[in-house]
Amino acid sequence: MAPPPYGAGLAGILPPKPDGEEKKEEKVDYLNLPCPLPFEEIQREALMSLKPELFEGLRFDFTKGLNQKFSLSHSVFMGSLEVPSQSTETIKVPTAHYEFGANFLDPKLMLVGRVMTDGRLNARVKCDLTDNLTLKINAQLTHEPHYSQGMFNFDYKGTDYRAQFQIGNNAFYGANYIQSVTPNLSMGTEIFWLGHQRKSGIGFASRYNTDKMVGTLQVASTGIIALSYVQKVSEKVSLASDFMYNQMSREVTSSFGYDYMLRQCRLRGKIDSNGVVAAFLEERLNMGVNFLLSAEIDHSKKNYKFGFGMTVGE
Amino acid sequence: MASRPSLKPKPKGKGGRKGPQAAGEEQSTAAAAARFVKEWTTWTMKTTKVAVHYGFIPLIIVIGMNSDPKPTLAQLLTPV
């Protein structure tokens, strides 16, 4: 048994080392700010807590690793998918599909491909061209003509800023830039142009985060204002809330949710200003085996979605 | 007398047409070139799309099977 560092007696006399003081004494070095999160991820914590992948039906995912870097995945889904509709009625389409996927994950190159039984291919490529420049390609290809989509992103990471340039099909061009202003605050802008519809837009976003909380604000010329706030109550619990105002359709939506990350499970629940209550549970039954339960209840639209599933593999 | 259809306006028309026709020829070669480039880029886009659609997943599998440590074909094909 090793003796305590100070000796049993001294440990009671010496005052406990104050942790907070070390951080307060650091002077802010404005020339050495940390690199901010990418522009599309500033609302990451809020999205992770408030928008789990709710589904209706049966879902089974099996990932088989052949290698550290290479793995295959098989995924089965049987249930209803919601089709976005203009009227207040929700339209559900019962579907069943099998999806085969292959992933190759390297520090410098990531290739993810998923193909479904109806021939739809979902492809993602992420390639580090140099230390600071990354190319990302995201594509959904279908056999039906004119329904395929693709997007090329070039990301440049500087010391305390990030810039991104996007090119998409239908002559979509976009660019965004985000800069760390203080160690806790980062602000960014984005601009996009849709060629075929001759629409353009500009937006502004900012993110303030400390160890315990994250607050973000996003304003866009398309008439959308979005705010979100996430508070980390403890290591295992965080609470999130989000607010969105759409000026074009005069809609205001607000939601409040919780995220419990426990050892054996992860439980996320939320309630909406439209009266929608949702919950998502991932329970770890065994090493690599997860059991999923998803529920979403909307009394006003009479839309009840319950799903269950299982994920095997990493 | 009723006016007879006269041949007189025709030479004027022919002369008049020669001018715009020469310019029209130049325009049509430029237009033909532009059309050719556009058709060729459309053809390449369509072929690339088909190539990517059929070849992306096999490409990932080939790259994966050649990475270290090399997995065997049996490992690729068995479900477990």
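Contact here means heavy atoms within 4.5 Å.

## About the model

This is a predicted model, in which local features need pLDDT of at least 70 and side-chain atom pairs count only at pLDDT 80 or more, while totals for chains, interfaces and linings use all residues. Residues are numbered from 1 along each chain as its sequence is written, chains are lettered from A and ligands numbered from 1 in the order in which they are written, and side-chain values use heavy atoms, with hydrogens and water left out.

## Asn246(A)

Let's start in chain A, where Asn246(A) sits in strand E14 (residues 237-246); strands (E, at least two residues) and helices (H or I, at least four) are DSSP runs numbered from the N terminus. Not counting residues up to four places away in sequence, Asn246(A) touches Gly223(A), Ile224(A) and Glu251(A).

Asn246(A) has a relative accessible area of 17%, so it is buried (buried is under 20%, exposed over 50%, partly exposed in between, with a 1.4 Å probe and protein chains only). A polar atom of its side chain lies 3.2 Å from the backbone nitrogen of Met248(A).

## Arg284(A)

Arg284(A) belongs to strand E17 (residues 276-286) of chain A. With a relative accessible area of 41%, Arg284(A) is partly exposed. Setting aside neighbours within four places in sequence, Arg284(A) is in contact with Gln264(A), Val289(A) and Asn290(A). From Arg284(A) to Asp242(A) the separation is 42 residues in sequence and 28 Å in space, C-alpha to C-alpha.

## Chain B

Now to the partner chain. Chain B has two helices and zero strands. Of its 80 residues, 12% count as buried.

## Where the chains meet

The size of an interface is often given as the accessible area lost when the parts come together. Between chain B and chain A the buried area is about 1,800 Å², and carbon and sulfur atoms give 73% of it (buried area is the accessible area, 1.4 Å probe, that two parts lose on being put together, summed over both). Helix H1 (9-65) and helix H2 (73-77) of chain B each supply at least two residues of the side that touches chain A. H1(B) gives the most to that side, with 11 residues.

Counting contacts, 20 residues of chain B meet 24 residues of chain A. The two chains share zero salt bridges (a side-chain nitrogen of Lys or Arg within 4 Å of a carboxyl oxygen of Asp or Glu).

Technical notes. Polar contact = N/O pair within 3.5 Å; in protein donor to acceptor, adjacent residues only side chain to side chain.
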